[in-house]
Amino acid sequence: MTLTQLRYLVAIADAGLNITLAAERVHATQPGLSKLLRQLEDELGFQLFHRKGRSLHAITHAGTHVLERARTILAEAANIRSIAANLRNESRGTLRIATTHTQARFALPSAVAVLSRSYPQVSVHLQPVSDSDVISLLDGGQVDLAIVSSAAGAPPPNGIALPAYRWNRSIVVPKSHPLARQKQAPTLEQLAAHPIISYDSSLKPESSLIRAFQSAGLDPQIVMTASDADLIKTYVREGLGIGVLAEMAYQPEHDTDLRELGADNLFASCTTWIVLRRESVLREYALDFIGVFAPHLERRAVSRALASGGTGTSQWPGVPHWRDRRVPAKLAEPVVEAQ
């Protein structure tokens with residue numbers, strides 16, 4: 001049994017049992033991947049997958065147990081590599097981040113730019129996906145960290161959640177819209193009278209957007225959803241409805257044909273979290289990235305949270321609001337402790 005075989009096994013599972021896609025992801029040939037899978041099954045003495053013809057149909061019961069252990073082994077192997085690279089002061093590698101389109105488009109660019117200037121040999125791979133898929137990529141070991149938001153300050157249930165910043169929703173309308181002409185902020189009743197365009201997550205029963213309307217006895221007209229804030233603004237411009245989106249997605253210097261209407265008192269505030277896998281060993285550049293993206297997260301406190309598996313990290317003081325957040329222009333100088 002080899003790490004390569006286990007890596008191929010996990011790749012097949014994460015590719016939805018599509019061997020062709022799995023082979024592409026691990027940079028192998030399909031026949032080579034299938035051969036090593038067969039060799040692993042022969043060694044174990046049972047099948048890991050149910051088959052229909054030449055296609056994989058489902059993971060067997062035994063395969064589920066093996067897959068769980070394979071993920072653990074591969075994660076520990078990655079931790080060993082990270083420890084070795086950190087001890088060698090190696091400054092090259094890859095930082096893989098799963099996040100939403102809004103975070104990737106509006107919140108991450110400045111922090112990624114600082115990291116790239118400080119670590120020119122580190123490549124950053126962003127995987128913008130839907131809210132529901134961000135943590136799945138982290139749990140599956142496909143990324144090093146996840147950046148995702150939640151309402152009312154509740155942290156994601158999985159992993160070690162570090163609060164990056166708080167933010168509110170904004171309402172955007174064309175400047176010709178009736179709501180754009182009134183001086184006071186709109187009410188929920190006024191919003192419910194118009195078609196609404198918002199994120200895909202707005203359709204979920206647990207959505208704080210939906211809950212706000214329902215608590216007021218209102219039924220919002222959500223006529224369109226998208227995962228990308230730029231798409232929401234595009235269809236607002238076409239007159240399909242008013243947009244409800246994250247406040248960082250409105251850029252007054254670019255969105256000159258739209259007007260932003262405050263919604264701080266209408267919807268619950270949200271928190272953006274950096275989520276790490278428990279018991280993971282981060283490369284030094286990943287810790288530096290966290291320090292740039294969320295400067296209030298003291299590096300030693302983050303390291304302690306990782307070492308303790310997240311125990312005692314429920315309260316982090318000084319979490320800034322998006323409007324007050326400042327990304328440093330360069331990495332902080334290392335602190336030299338007195339001997």
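Trainee: How many strands does the open sheet with S10 have, and in which order do they come?

Mentor: In this predicted model, the sheet has five strands in the order S9-S8-S10-S7-S11, and the pairing is mixed.

Trainee: What makes a strand of that sheet an edge strand?

Mentor: Pairing on one side only. That holds for strand S9 (221–226) and strand S11 (258–262). On average, neighbouring strands here are turned by 30 degrees against each other, direction ignored.

Trainee: How do you know that S8 and S10 are paired?

Mentor: A pair needs at least two bridges between the strands. Strand S8 (residues 195–199) and strand S10 (residues 242–246) are joined by two bridges, so they meet the cut-off. The two strands run parallel. As for a bridge position, Ile 197 has Gly 243 in S10 as its partner.

Trainee: Why is Ile 171 called buried?

Mentor: Buried means under 20% relative accessible area. Ile 171 has 0% relative accessibility, so it counts as buried. The residue is found in strand S7 (residues 169–174).

Trainee: Which residues does Ile 171 touch, leaving out those up to four places away in sequence?

Mentor: Among them are Leu 191, Ile 242, Gly 243, Val 244, Leu 261 and Leu 266.

Trainee: What makes H11 mostly covered?

Mentor: Eight of the 10 residues of H11 are buried. They are Tyr 285, Ala 286, Leu 287, Asp 288, Phe 289, Ile 290, Val 292 and Phe 293.

Trainee: Why are H1 and H3 called roughly perpendicular?

Mentor: Angles from 65 to 115 degrees count as roughly perpendicular. Helix H1 (residues 3–14) and helix H3 (residues 30–44) pack at about 110 degrees, with their axes 9 Å apart. The two helices are therefore roughly perpendicular to each other.

Trainee: Which residues make the contact between H1 and H3?

Mentor: From H1, Thr 4, Gln 5, Leu 6, Tyr 8, Leu 9 and Ile 12 meet Leu 33, Leu 36, Leu 37, Gln 39, Leu 40 and Glu 43 of H3. By class, eight residues are nonpolar, three polar and one charged.

Trainee: Why does Glu 41 count as buried?

Mentor: The relative accessible area of Glu 41 is 6%. The cut-off for buried is under 20%, so Glu 41 is buried. Glu 41 lies in helix H3 and, leaving aside neighbours within four places in sequence, is in contact with Phe 46, Gln 47, Leu 48, Phe 49 and Arg 51.

Trainee: Buried or exposed: how is Leu 17 classed?

Mentor: At 15% relative accessibility, Leu 17 counts as buried, the limit being under 20%. Leu 17 is in the loop between H1 and helix H2 (19–25). Not counting residues up to four places away in sequence, Leu 17 touches Ile 12, Phe 49, Leu 56, His 57, Ala 58 and Ile 59.

Trainee: What does the UniProt record annotate over residues 1–59?

Mentor: The unreviewed UniProt entry carries "domain: HTH lysR-type" for residues 1–59. In the model, that stretch is 58% helix and 15% strand, and its end C-alpha atoms are 19 Å apart.

Trainee: How many helices and strands does the chain have?

Mentor: The chain has 12 helices and 12 strands. Of its 339 residues, 45% count as buried.

Definitions and conventions: Residues are numbered from 1 along each chain as its sequence is written. This is a predicted model: local features need pLDDT of at least 70, side-chain atom pairs count only at pLDDT 80 or more; totals for chains, interfaces and linings use all residues. Side-chain values use heavy atoms; hydrogens and water are left out. Axes are lines fitted to C-alpha atoms, for helices over the stretch in contact, and angles run from 0 to 180 degrees between N-to-C directions. Helices (H or I, at least four residues) and strands (E, at least two) are DSSP runs, numbered from the N terminus. Angles under 35 degrees count as roughly parallel, over 145 as roughly antiparallel, 65 to 115 as roughly perpendicular and the rest as oblique. Contact means heavy atoms within 4.5 Å. Ala, Val, Leu, Ile, Met, Phe, Trp, Tyr, Cys and Pro count as nonpolar, Asp, Glu, Lys and Arg as charged, and the others, Gly among them, as polar. UniProt positions are given in the numbering used here, feature names are shortened, and annotations may be inferred rather than shown by experiment. Buried means under 20% relative accessible area, exposed over 50%, partly exposed in between (1.4 Å probe, protein chains only).
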